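Me: Could you walk me through a structure, one question at a time? I'd like to see how each answer is reached.

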Amino acid sequence: MKDCANYSVIGKRLPLIDAVTKVTGEAKFTGDLFVPGMLIGAILRSPYPHARILNIDASRALKHAGVRAVVTGKDTAGVKYGALEHLRDEAALATDKVRYIGDEVAAVAAVDEETAREALDLIDVEYEPLPAVFTTEEAMRPGAPRIHDHVENNVSLSLHIPLGDVEAGFARSDFIFEDSFETQCVAHCPLEPHISLAACDGGQIVLWSSTQGPFYLRRDLSLTLKLPSSKIRVIKPFVGGGFGGKREMTAGDFCAALLAVKTSRPVKIAYDREEEFSATRRRVPMKIYLKAGVMKDGTLVAKRCRVIADGGAYNGRGPMIVASGASQMTLVYRFPHFLFEGHHVYTNNPVTSSMRGFGNNQIRFADDSMMERMAKELGIDPVELRLKNVRRPGETSLMGAKVTTCGLPECIEKVAERGGLHKKRAQNGSGGNGRQALLRGFGVASAAYISGCKLFFEHDSSAAIVKLEEDGSVCLLTGASDIGQGSNTVLAQLVAEELGIAFEDMRVVSADTDTTPMDLGAYGSRTTFVAGNAVLAAARDAKKQVLEVAAERLEADSADLEIRERWICVKGSPQRGMTFQAAVSAALNSPDGKSIMGRGYYNPPTDYDPRTRRGNVSAAYSFAAQSAEVEVNPETGEVRVINLVAAQDCGFAINPMATEGQIEGSVSMGLGQALYEDLVMEEGQTVNASFSAYKIPSVRDMPPVESHLIQTIDPEGPHGAKGIGEMTLVPTSPAIANAIYDAIGVQIKSLPITPEKILAALKEKRACS
Amino acid sequence: MKQSLELTVNGQSHELLVDPHRTLLEVLREQLGLTGAKEGCNLGDCGSCTVLLDGKPFLSCLVLAVEAQGREILTIEGLSQNGKLHPIQESFVQHGAVQCGFCTPGMILSAKALLDRNPRPTEAEVKEALSGNLCRCTGYVKIVEAIMETAKT
Amino acid sequence: MRLPRFEYLSPKTLEEATALLGTYGNQAKILAGGTDLLVDLKKRSSIQGSRRWGKKERGPCYVIGLKGVTGLTRLKYSPGETLSVGPITSYADVADSTIVKESYPLLWQACRTFSRPQIRSAGTLVGNLCNGSPSADIVPPLIALGAKARVISARAEREVPVEEFCSAPFTTVLKEDELVAELKIPQPAEPYGWSYQRTTKRTAEDEALVVVAVLLEFADRDKTVRRARIALGSVAPRPSRALESESMTQGKKLDEALIQKISETVAAETSPRSRSDYRRLMTSYLVRKALTEALGN
């Protein structure tokens, strides 16, 4: 293990590099950009869950004063886009049919927002309503209306992954547990809704967009606009949160670009909150049937898992999310026999796709709920049961994940210990002053996560350029997308550490497809790990160059030089040196005018077989455990989470303060998923499409959070770091669910856990006893 | 029909011609170029557009610009003086209370309204003061810490 | 999401305001704090809004803002008699008032815990009443206190007890040309006890699931109930009193058994539209809590 105390920039609790810009209100998000001559666009959405488009007549809209252009599905030429070619099923604007309420049909550009909205009412669309299906059961029934003509029974992807011999495993087991679980549909709710601004400039389309991956977005735009990617430049300004919801191209991106071309004017399209809730991507709700075989002593033998996912009207990333569930099932706990069956099903609901956790949350809710029941019924301590089966370093999972570092056992022990302390204290303090005493419960859950993966491309690469400036400052050019998680800060810390300079010397230019090198985007918890390694490579390249210059001046061998606190010197002889700035300046002000730029890229060494879906999808795996303590009012069913302890194996925390921020933010999101959040649908219509009806936790809902970082120093990670942003969310809702189970003695198998569900469960329990 | 009005924002007065259905948020952002107040929901639910009117927190998406006349309007742009951050801003920076930054201006102004009235609030009072400002990134933990810490100094 | 276009009228007196209402009728809307009206107008012009309310329906053509009316009362208290609340008096105005805190603790408690700080700065008590929402937080305490609304128009003036003000969800007795000029809240007779209970739909900052306001006027220090008002919000098409439950307290000293009996009775006095079983249960729970607390307050 490296001596962390020797680091001067990494491992430190530094403020975000752009924190000052953000607290002063200077930070420019896409909506804060106003380009001269800018038009405002708006999107016409389908009022039907399923209908054939017979005709679109925009003539009345075009005649409306102030309207400049209208685009419709015809302008897409039917080009479908998406990550994987064989799963592409969606055009940027609907062509033949609309498949959900909110599906994009047309867009207008006008002089202002009022005019644009008025013009939408003047576009005459003739629909032929078709029968629609809103549940996976209805959708899979023989003879159900087909949502996509080429897909039978509306099942867009079926997976069957047998590993070992699951039936033999069950036969050998002492006990069999079987249950069904259900997770709900939740919304990402970034505070900044989706927004796009496009302008034509010098033969290029320039698009500013609230995106998690400008290079991905450029690829989809290039595909749908039928333009070479060099004709498109995507710039990511400040982004107000994404959580997976800003990974894919939106109709707004496409329409802004196309309307800008048509009008030769800049066009801005902002989704309002209602559109954000009812017509953008959301989490994939799953029905999970789980069967587990276990020995008397708690050793897991076999698991069978069947997942039915409501994919909504189009694939999005849904099929990959189902597949990701299989990996997750086999990564956290060990067992030799597994059968996974997954179905991604089309319905006439809005599209479900990527969201922080990518399928893992759903699976872990089911799996860790079942572990809890197993522990209770076998009479084994739930923590011990987990520790008995927990993943250990150096193992390979059934799905082929090669686990190098793994701190999951320590994470579980830590949350059990700390959570247990709280528990004891709480019990001492609790009195019976109510009519019925409040019920307290304690629950634990685990998670594992990738650090980037190669599911979508042949590579999972990121590249970086490190420019050394004459004044001794350093500018990092990275395509990695800071969407608020603080990646610019972490990447700058890595560069500053490598170059021996101060954090204040760093500047970061992040995410512009023309001026920064390639990166696939913020997803798969890949940025710290993949982009981190890329910027390290670039920093090392720059360091080599600057040391060569210094070596010449100092008449030393560059291999003998080091940089510390902006001072380049011979190791062991600090007086034989020069400033970092002097060396950079000397290089430039020499006869060859050398401008030092380091370049580097990183592509994780992984091997994934898309046919078997097995392999080592990631070059490192992170782990986490959380414990929750709750108080349940048996009279009202109300739940209060009293405290939450989180322990994460993040490899190495480059910025512990930012890492804690990820954990704390996850806890609030996980709390929402456990207790409050649920997109309510009526015949395909999102009923609660506002923050007043769809409640995310506010400050007063938050429990105290205690974070522990377990540092395992991964050999492949930048200074040992692994990904963390998504995993932190995964165990929160199962931990809370398990705590409620502990408190009331009945397990609630569907999310969110509402007071009504608790009261019903308690009533049933009373009836049984 | 546009109406002429005078708005006092961050101590400066502005004469403007404004449609009466324009909200203060729209006028601040689109006519005065003060984009620190954000449009997160435009229905008064998220608090990203919070500004102070005569020291009290208001949702600028639910205030007609014509009705903001004659009041002292403070936006996030008016908080730091001569390039020096306000102590609440400084504390947000130091305590990691900022992630994406979209809710931050509103959060800070809600905190300012509280601390100006109640310089030594309890944690419960801080939470109450922030209850109208949603954040999806931070889980609020470091935001509350940052404000409690400001109140100590 | 933008407001629809409208003409903004800024009368200088309430007489001017009623004259404008008389002229424009249902084409005009009174704007006080804006926290309900502006949200409603924005929703109407939104995409789903146009679906929900039908494309043709537009917002009002005229918005009559009361902010410019000179000399409007915020709060006026005649000791031992009434508190007068003006048409643009905000929750924050009430929450900041020590007089209200001391003399109308029930109202004060409701106002200071109402919604969120930003809404308290802008929102008005009269607006909350006029919006006619079944879940209006401030109406049950007003009913419990026996408040009356002074309603004026260019034609006439009348007083309406707050408990009769709402007639159906989002519908009030207010005619097109009328506005509420004042709320008159009588001072409860000492000795009395009170309680304000509220639970939300889900999160802490959510809309009310159930609101309970209780005012018990005692005959003596012995706490024999002389008159009780139990007002409920969010459990019926309009905020209302639980009359049968109230009558059970008449001339009684409340003990645990009676409180329990009342809390069972009160559930039957509700008619919630959604989550009805749970709302009934919570009504019982909160009424029990409120009566117990009112005995101590």
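Reply: Happy to! Before we look at helix packing, here is a definition: an axis is a line fitted to C-alpha atoms, for helices over the stretch in contact, and angles run from 0 to 180 degrees between N-to-C directions. Please keep in mind that this is a predicted model.

Me: Are α14(A) and α15(A) roughly parallel or roughly perpendicular to each other?
Reply: Two packed helices are described by the angle between their axes and the distance between the axes. Here α14(A) and helix α15 (residues 580-588) of chain A pack with axes 9 Å apart, at an angle of about 90 degrees. Angles of 65 to 115 degrees count as roughly perpendicular. The two helices are therefore roughly perpendicular.

Me: Which element gives the largest share of the lining of the largest cavity?
Reply: Searching the whole structure turns up 10 cavities of 30 Å³ or more. The largest has a volume of about 600 Å³ and is lined by 39 residues, with A:Q485, A:S525, A:Q662, A:G725 and A:E726 nearest its centre. Two or more lining residues come from each of α13 (487-499), α14 (527-554) and α16 (656-676) of chain A. The largest share, three residues, belongs to α16(A).

Me: And which element gives the most to the lining of the second largest cavity?
Reply: That cavity holds about 330 Å³ of space. Of its 27 lining residues, A:S324, A:S327, A:I450, A:L455 and A:V617 are the closest to the centre. The elements giving two or more residues are α9 (318-331) and β20 (439-450) of chain A. With six residues, the one that gives the most is α9(A).

Me: How many residues in the lining of the second largest cavity are nonpolar?
Reply: The lining of this cavity includes three charged residues and eight polar ones. The nonpolar residues there number 16.

Me: Which residue in β7(C) is the bridge partner of C:V151?
Reply: Strands β6 (residues 148-152) and β7 (residues 157-161) of chain C run antiparallel and are joined by five bridges. A hairpin connects β6(C) to β7(C) through four residues. Across this pair, the bridge partner of C:V151 is C:R158.

Note on methods. Residues are numbered from 1 along each chain as its sequence is written. Chains are lettered from A and ligands numbered from 1 in the order in which they are written. This is a predicted model: local features need pLDDT of at least 70, side-chain atom pairs count only at pLDDT 80 or more; totals for chains, interfaces and linings use all residues. Side-chain values use heavy atoms; hydrogens and water are left out. On a 1 Å grid over the protein atoms alone, a cavity is a set of points where a 1.4 Å probe fits but cannot get out, and a pocket is an open set with protein on both sides within 12 Å along at least five of seven lines; lining residues have an atom within 4 Å of a point. Grid points are joined across faces, edges and corners, and a volume is the space filled by probe spheres set on the points. Ala, Val, Leu, Ile, Met, Phe, Trp, Tyr, Cys and Pro count as nonpolar, Asp, Glu, Lys and Arg as charged, and the others, Gly among them, as polar. Angles under 35 degrees count as roughly parallel, over 145 as roughly antiparallel, 65 to 115 as roughly perpendicular and the rest as oblique. Two strands pair if DSSP finds at least two bridges between them.
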